[in-house]
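Hello,

Here is the structure I said I would pass on to you. Please have it open while you read, and my notes on what turned up follow below.

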Amino acid sequence: MTKQEISEKIHSILYSKLLKEEKKFSPESNFNSVGADFFDIINSTIEIEKEFKTNIPNKIILRFNAFSFIEDYISRVTDFIYNDVNKE
């Protein structure tokens, strides 16, 4: 999965969970800047974890300063899993 595909999926999840205008989302946006509360963050994270079949530790979630950090994290995790599974 490409970084662009990951970005699009995360953007779609955040848009659907946070019910905000799509134009307000950018890679620099974060949960605070779109008016998300604690439950919005948890629900969004659960959906992202389901979509990418991974677990994001709470300590890491709270350190995300921008949605682009979520994209980077998921991209690294999926790359690691893909490379580990496809080792010869």
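**Salt bridges**

Asp 72 and Lys 3 form a salt bridge, and their closest N and O atoms are 2.1 Å apart. Asp 72 belongs to helix H4 and Lys 3 to helix H1, so this pair ties together parts that are 69 residues apart in sequence. Asp 72 is partly exposed, its relative accessible area being 22%. Lys 3 is partly exposed too, with a value of 41%. Before going further, please keep in mind that this is a predicted model.

How many salt bridges does the structure hold? There are three.

Lys 9 counts as partly exposed at 32% relative accessibility, and Glu 51 counts as partly exposed at 35%.

Then there is the bridge between Glu 47 and Lys 50, whose closest N and O atoms are 3.6 Å apart. These two residues are three apart in helix H2, so about one helical turn separates them. Is Lys 50 buried or exposed? Lys 50 is exposed, because its relative accessible area of 55% is over the 50% cut-off. Glu 47, by contrast, counts as partly exposed at 27% relative accessibility.

**The nonpolar core**

Moving on to the inside, the largest nonpolar core has 20 residues, and Ile 48 and Ile 74 are those with the most contacts within it. Which elements give two or more residues to this core? They are helix H1 (residues 3–18), helix H2 (38–52) and helix H4 (67–85).

Leaving aside residues up to four places away in sequence, Ile 48 touches Ile 10, Ile 13, Leu 14, Ile 56, Ile 70 and Ile 74.

**The cavity**

The structure also holds one cavity of 30 Å³ or more, and about 40 Å³ of space lies in the largest cavity. What lines it? The lining is made up of Phe 31, Thr 45, Ile 48, Ile 56, Ile 61, Phe 64 and Ile 70. By class, that lining has six nonpolar residues, one polar residue and no charged residues.

Glu 8 has its place in helix H1 and is partly exposed, with a relative accessible area of 48%. Glu 8 and Glu 71 are 63 residues apart in sequence, and their C-alpha atoms are 9.3 Å apart in space.

Ser 12 is found in helix H1 as well, and counts as partly exposed at 44% relative accessibility. The C-alpha atoms of Ser 12 and Ile 48 are separated by 9.9 Å, while the two residues are 36 apart along the chain.

Methods
Residues are numbered from 1 along each chain as its sequence is written. This is a predicted model: local features need pLDDT of at least 70, side-chain atom pairs count only at pLDDT 80 or more; totals for chains, interfaces and linings use all residues. Side-chain values use heavy atoms; hydrogens and water are left out. On a 1 Å grid over the protein atoms alone, a cavity is a set of points where a 1.4 Å probe fits but cannot get out, and a pocket is an open set with protein on both sides within 12 Å along at least five of seven lines; lining residues have an atom within 4 Å of a point. Grid points are joined across faces, edges and corners, and a volume is the space filled by probe spheres set on the points. Ala, Val, Leu, Ile, Met, Phe, Trp, Tyr, Cys and Pro count as nonpolar, Asp, Glu, Lys and Arg as charged, and the others, Gly among them, as polar. A nonpolar core is a set of buried Ala, Val, Leu, Ile, Met, Phe, Trp, Tyr and Cys residues joined through side-chain atoms within 4.5 Å. Buried means under 20% relative accessible area, exposed over 50%, partly exposed in between (1.4 Å probe, protein chains only). Helices (H or I, at least four residues) and strands (E, at least two) are DSSP runs, numbered from the N terminus. Contact means heavy atoms within 4.5 Å. A salt bridge is a side-chain nitrogen of Lys or Arg within 4 Å of a carboxyl oxygen of Asp or Glu.
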